[in-house]
Amino acid sequence: MAGQLVSPEAQAGDGFGASLAASGDCSPGILAVGAPTAGAPATRAGMDAPLFNPKMGDHWSSSVPPAGAGGPGAVAVYRCSLPTDATEMGKETPTLTSYLQPPPRPADEGTATEAGRFGHCVSVSGRGDWLAVGAPLLTRNGRASCGAVFVYGNTGAGVFQLDKEIVSDYSLDNDRFGWSCSVDELRGVANYSAVLVCGCLPSTKRDVGRGGGFIQIYQRHEEDKAWHLIHTNDPEGNGALFGFSVSVSGDSIAVGDPADSFEFKKNQVSLPTHTHT
């Protein structure tokens, strides 16, 4: 093991490390770590003192996450330099470059402190230009736990800024859109620079013909700097947990369905009580 990272908030119970993602085609690399139950830094005591102390080999560094609005859930982003030779192995020092939390919302759509599990899943594109963060328990458009996915762009040196919050009109109450997400750059596709795939943990009370999970595929159009919904894939009841996990690499997409049965009615239960039959 090269070393260990600890939570930037140094707060017990923040779930730091519940999700991980790293870029593979850029140097320095980008590492994102989700903490889906982290609280708002502004409410923490002692924020004037260094709280971030990752020990990597023989090196220590400290940095304080910025105080500001946010709710339960956070993502810490690190810039990771590769060793120059074998003697430096195990002494890499990740630098905290971004500490992200969901922006505040109107009271009728969930507040900044809503327990939306921001950081439940994270994905970094291959070149490190994009970061996607799932928050599957957020309330949006009056639909409880319909979920959302936040897409951030790398402005340079691992500093990420919000590019788009994506809320699916297809996601109903308790569909938990953003349970899974994956983002990557698009290569050789005119006018489009990136692709995003979002999955869900679907409600057990969906309308007839819309039972089971679904995924949605988005692409970022460079002319209008917007994310466009390209396709919705819903097996229409033939996949109880379709979209539970997703992965995209360029123009290849993989989708997981751990229910392992296409007889939806036999598996129409929530995840905590699901057993394979």
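Visitor: Before we start, what counts as a salt bridge here?
Guide: A side-chain nitrogen of Lys or Arg within 4 Å of a carboxyl oxygen of Asp or Glu. Keep in mind that this is a predicted model.

Visitor: OK, and how many salt bridges turn up in the whole structure?
Guide: A search of the whole structure gives four.

Visitor: What does arginine 220 pair with?
Guide: Its side chain meets that of glutamate 222 in a salt bridge, at 2.8 Å from N to O.

Visitor: Is arginine 220 buried or exposed?
Guide: Arginine 220 counts as buried, at 7% relative accessibility. Glutamate 222 is partly exposed, with a relative accessible area of 28%.

Visitor: What else does glutamate 222 bridge to?
Guide: Lysine 225, with 3.0 Å from N to O. Lysine 225 is partly exposed, at 49% relative accessible area.

Visitor: Which residues end up in one network?
Guide: Asp163, Arg220, Glu222 and Lys225, joined by salt bridges that share partners.

Visitor: Switching over, what about glutamate 165?
Guide: Glutamate 165 has a salt bridge with arginine 140, and their closest N and O atoms are 2.6 Å apart. Glutamate 165 sits in strand β11 (residues 160-166), while arginine 140 is in the loop between β9 (130-135) and β10 (148-154), so the pair ties together parts that are 25 residues apart in sequence.

Visitor: Are those two buried or exposed?
Guide: Both glutamate 165 and arginine 140 are buried.

Visitor: Now glutamine 219. Where does that one lie?
Guide: In strand β14, which covers residues 215-221.

Visitor: Why do you call glutamine 219 buried?
Guide: Because its relative accessible area is 18%, and buried means under 20%.

Visitor: What is glutamine 219 in contact with?
Guide: Leaving aside neighbours within four places in sequence, glutamine 219 touches Leu186, Tyr192, Ala194, Val195, Ala226, Trp227, His228 and Ile230.

Visitor: Last topic, cysteines. How many disulfides are there?
Guide: The count is zero.

Visitor: Which cysteine sulfur is nearest to that of cysteine 181?
Guide: That of cysteine 121, 3.3 Å away. A disulfide needs the sulfur atoms within 2.5 Å, and cysteine 181 is in no disulfide.

Visitor: And cysteine 181 itself, buried or exposed?
Guide: Cysteine 181 counts as buried, at 7% relative accessibility. Cysteine 146 is buried too, at 0%.

How values were computed. Residues are numbered from 1 along each chain as its sequence is written. This is a predicted model: local features need pLDDT of at least 70, side-chain atom pairs count only at pLDDT 80 or more; totals for chains, interfaces and linings use all residues. Side-chain values use heavy atoms; hydrogens and water are left out. Helices (H or I, at least four residues) and strands (E, at least two) are DSSP runs, numbered from the N terminus. Buried means under 20% relative accessible area, exposed over 50%, partly exposed in between (1.4 Å probe, protein chains only). Contact means heavy atoms within 4.5 Å.
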